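Please look over the sequence and the model first.

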Amino acid sequence: MDSSAFPEMESSNSENSSVNTGSNTSSSAGTSSSGSTLSRYENQKRRDWNTFGQYLKNHRPPLSLSRCSGAHVLEFLRYLDQFGKTKVHTPICPFYGHPNPPAPCPCPLRQAWGSLDALIGRLRAAYEENGGKPETNPFGARAVRLYLREVRDLQSKARGISYEKKKRKRPPQQPTAGSPPAQPPPPPGEG
């Protein structure tokens with residue numbers, strides 16, 4: 001497969017975290033009837049969907065979306081690693097587990113886990129918006145979820161960064177009838 005067909009994918013912390021196809025895609029898929037501009041997310045999702053379609057076309061032998069499986073999605077994710085910008089230290093590297101290494105090392109650049117996770121989320125949504133059934137969605141396959149978890153854990157250890165699940169904010173609890181009101185904390189210096 002020709003690696004120039006898919007320019008690099010940016011990290012999830014950058015301004016544009018989609019796969020950049022390098023072409024101007026003017027698809028009407030996903031545009032609203034009022035002609036308003038698409039959100040950044042919708043534009044990324046459209047570009048990612050077009051890029052995956054291009055990947056299937058360039059695949060040897062070419063693949064149709066209906067024959068695409070979780071294994072093909074994994075092949076696509078591994079292929080994208082060559083365009084990564086995130087240094088992932090190997091266990092033998094002296095900087096393994098250090099988030100800010102003091103010197104350069106020969107460890108490979110990979111796609112950041114957050115970028116891959118966001119990409120799969122957008123492609124999963126695009127698949128269903130383009131007529132795919134949720135139960136046959138290759139982007140939601142168990143193998144893809146396990147691969148993303150493995151990448152997250154490997155990068156967390158290699159880069160010394162913990163990926164903690166964001167906790168949902170719960171609305172403040174209203175006191176129920178019969179329960180005593182919450183006591184305010186004591187003023188500073190007392191107690």
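At what angle do the axes of helix 2 (residues 70–80) and helix 3 (residues 113–129) cross? They cross at roughly 140° and come within 12 Å. This is a predicted model, in which local features need pLDDT of at least 70, side-chain atom pairs count only at pLDDT 80 or more, and totals for chains, interfaces and linings use all residues. Residues are numbered from 1 along each chain as its sequence is written, and side-chain values use heavy atoms, with hydrogens and water left out.

**Helix pair**
- Helices are DSSP runs (H or I, at least four residues), numbered from the N terminus.
- Axes are lines fitted to C-alpha atoms over the stretch in contact, with angles from 0 to 180 degrees between N-to-C directions.
- Val73, Phe76, Leu77 and Leu80 of helix 2 meet Leu116, Leu119, Ile120 and Leu123 of helix 3 (contact: heavy atoms within 4.5 Å).
- The contact residues comprise eight nonpolar, no polar and no charged.

**Second largest pocket**
- Its volume is about 240 Å³, taken as the space filled by probe spheres set on the grid points.
- Of its 14 lining residues, Asp81, Val88, Arg110, Val151 and Leu154 are the closest to the centre.
- Helix 4 (residues 142–159) gives the largest share of the lining, five residues.
- The lining divides into seven nonpolar, four polar and three charged residues.

**Cis peptide bond**
- The bond from Arg60 to Pro61 is cis, with omega near -10°.
- Pro61 sits in the loop between helix 1 (40–58) and helix 2.

Note on methods. Helices (H or I, at least four residues) and strands (E, at least two) are DSSP runs, numbered from the N terminus. Ala, Val, Leu, Ile, Met, Phe, Trp, Tyr, Cys and Pro count as nonpolar, Asp, Glu, Lys and Arg as charged, and the others, Gly among them, as polar. On a 1 Å grid over the protein atoms alone, a cavity is a set of points where a 1.4 Å probe fits but cannot get out, and a pocket is an open set with protein on both sides within 12 Å along at least five of seven lines; lining residues have an atom within 4 Å of a point.
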